[in-house]
Amino acid sequence: MNEVANTPQDFLPLLVIVVVALAVAGVVIVLSVILGPRRELEAKSEAYESGMRPFADTRRRFPVQYYLIAVLFIIFDIEVVFLYPWATTLHNDALKKVSLAAMGVFMAVVVIGFVYEWRKGALDWD
């Protein structure tokens, strides 16, 4: 049987890696502050996006519909991630029927939610 790491000596390599990573990050930050240019130009403080000069206020309001569609996309995208563990259990004969039934229920809930959002008009961009 493999023993679980219980002593501080078992964690020493991890501690060394963390200390080295923090030291390298600190050295890089200090060197960039010391060696980097310090020229303050007006062009540096201007908003710059896609190679075009801004022509309107950047703090304009976005419609709620934009955020709603973004949240719905994230929700349905995350639900699709749950398909991957299910697909890995399909080769196991003992779990095949149980996992198929569970995924059927899960997909039914996802599809019902999607149809509900579609019928409510949450996905219309007008």
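I am working from a predicted model, where local features need pLDDT of at least 70, side-chain atom pairs need 80 or more, and totals for chains, interfaces and linings use all residues. Residues are numbered from 1 along each chain as its sequence is written, and side-chain values use heavy atoms, without hydrogens or water.

**Fold.** I looked up the secondary structure and found five helices and zero strands. Helices here are DSSP runs of H or I with at least four residues; strands are E runs of at least two, and both are numbered from the N terminus.

**Burial.** I checked the 126 residues: 6% count as buried. Buried means under 20% relative accessible area, exposed over 50%, and partly exposed in between (1.4 Å probe, protein chains only).

**Helix 5.** I traced it over residues 93-120. Its 28 residues reach 41 Å from first C-alpha to last, close to the expected 40 Å. The expected span is 1.5 Å times one less than the number of residues. I found a bend of about 25° at S99, taken as the angle between axes fitted to the seven residues ending there and the seven starting there. S99 is also buried, as are M103, V110 and E117. I looked for their cover, which includes helix 3 (64-81) and helix 4 (83-88). Just after helix 5, I noted a positive phi of about 85° at G121.

**Helix 1.** I placed V20 in this helix, residues 12-35. V20 counts as partly exposed because its relative accessibility is 47%.

Key:
Contact = heavy atoms within 4.5 Å.
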